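Here is a short report on one protein model. It goes from the overall fold to one helix pair, then to charge pairs and a surface patch.

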Amino acid sequence: MGAIQHLRLTPFIMEAELFEAAAGAAGHSHEHAAPEAGEAAAGHSHADGHDHDHGEGWSPADGWQRTLATTLTAVMTGAGFAAVLAAVSLISGLPITRQNGMIWGFCGFLAVTLAPAVGMPPELPGMPAGDLVARQIWWVGTIAATAAGIYLIATRAEAWALALAILLIGLPHLIGAPAPVHGESAVPPGLAASFAANAIAANAVFWLLIGQFLGLALNRTARDLYAT
């Protein structure tokens with residue numbers, strides 16, 4: 001996943017950061033084009049103020065630092081999602097094997113990536129967004145509702161279960177994701193759409209690999225336990 005991100009996603013992010021920086025520079029230039037008379041008389045320098053730390057903290061530099069940070073993040077994310085799938089398998093009593101590992105991964109992709117992306121597509125820097133807390137609540141709720149719907153479809157054949165599954169999967173989208181605070185975006189629509197499509201496709205590969213490797217690992221663990 002780190003390799004996919006480096007080759008397919010990072011170039012979009014870096015290009016969007018250029019648009020974001022250009023828009024920010026234009027905004028600052030417009031805002032400070034006519035300083036107040038008192039500031040000018042006092043010799044206040046806006047350039048000095050812009051050099052101050054805005055609280056963003058350290059971020060990896062472009063090049064090997066960014067690639068390494070991206071790859072390590074993908075490793076930790078993959079391990080976390082694998083642990084979640086294993087926990088769901090244990091709680092539900094449905095085993096993950098090398099035969100059905102990709103099916104589990106595909107279900108994880110549907111619940112965690114595709115369903116939330118319907119209301120909140122993957123976003124680039126500089127794109128408008130809604131309230132963070134509201135977005136997180138909607139995101140978690142969408143994942144939980146979609147996962148519950150998938151579970152009902154996979155384990156129950158009754159009509160009521162199918163109807164409830166459809167309701168659960170569709171409810172978050174009937175409610176709707178939180179709308180952006182403002183509609184202005186420094187990122188061209190074509191760039192945003194290309195990034196979203198590539199990010200969703202990359203996550204599909206990511207989840208399929210998580211499911212397959214988890215199935216292989218659990219198969220081997222079970223075989224070793226039975227052997228002892």
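The report below covers the fold, a helix crossing, the salt bridges and a nonpolar patch.

This is a predicted model, in which local features need pLDDT of at least 70, side-chain atom pairs count only at pLDDT 80 or more, and totals for chains, interfaces and linings use all residues. Residues are numbered from 1 along each chain as its sequence is written, and side-chain values use heavy atoms, with hydrogens and water left out.

**Fold**

The protein chain has eight helices and zero strands. Its pattern along the sequence is α-α-α-α-α-α-α-α. Helices (H or I, at least four residues) and strands (E, at least two) are DSSP runs, numbered from the N terminus. Of the 228 residues in the protein chain, 26% are buried. Buried means under 20% relative accessible area, exposed means over 50%, and partly exposed lies in between (1.4 Å probe, protein chains only).

**Helix pair**

Helix α6 spans residues 132-155, and its axis comes within 8 Å of the axis of α7, crossing at roughly 165°. Therefore α6 is roughly antiparallel to α7. Axes are lines fitted to C-alpha atoms, for helices over the stretch in contact, and angles run from 0 to 180 degrees between N-to-C directions. Angles over 145 degrees count as roughly antiparallel. The α6 and α7 crossing is left-handed, that is, the near helix is turned anticlockwise from the far one by less than a right angle.

**Salt bridges**

How many salt bridges does a search of the whole structure find? The search finds two. The criterion is a side-chain nitrogen of Lys or Arg within 4 Å of a carboxyl oxygen of Asp or Glu.

| Salt bridge | N to O distance |
|---|---|
| Glutamate 123 – arginine 135 | 3.1 Å |
| Glutamate 158 – arginine 156 | 3.1 Å |

Glutamate 123 and arginine 135 link distant parts of the chain, twelve residues apart. Glutamate 123 sits in the loop between α5 (101-119) and α6, while arginine 135 is in helix α6. Glutamate 123 is partly exposed because its relative accessibility is 30%. Arginine 135, at 16%, is buried. In the other pair, glutamate 158 is partly exposed at 33%, and arginine 156 is partly exposed at 39%.

**Nonpolar patch**

Trp160, Leu164, Leu167, Leu171, Leu174 and Ile175 make a nonpolar surface patch of about 640 Å². Patch residues have over 30% relative accessible area and no salt bridge; nonpolar side chains (Val, Leu, Ile, Met, Phe, Trp, Tyr) are joined within 5 Å, like charges within 9 Å. Accessible areas come from the Shrake-Rupley method with a 1.4 Å probe. Leucine 171 lies in helix α7 (residues 159-175). Its relative accessibility is 38%, so leucine 171 counts as partly exposed.

Note on methods
Angles under 35 degrees count as roughly parallel, over 145 as roughly antiparallel, 65 to 115 as roughly perpendicular and the rest as oblique.
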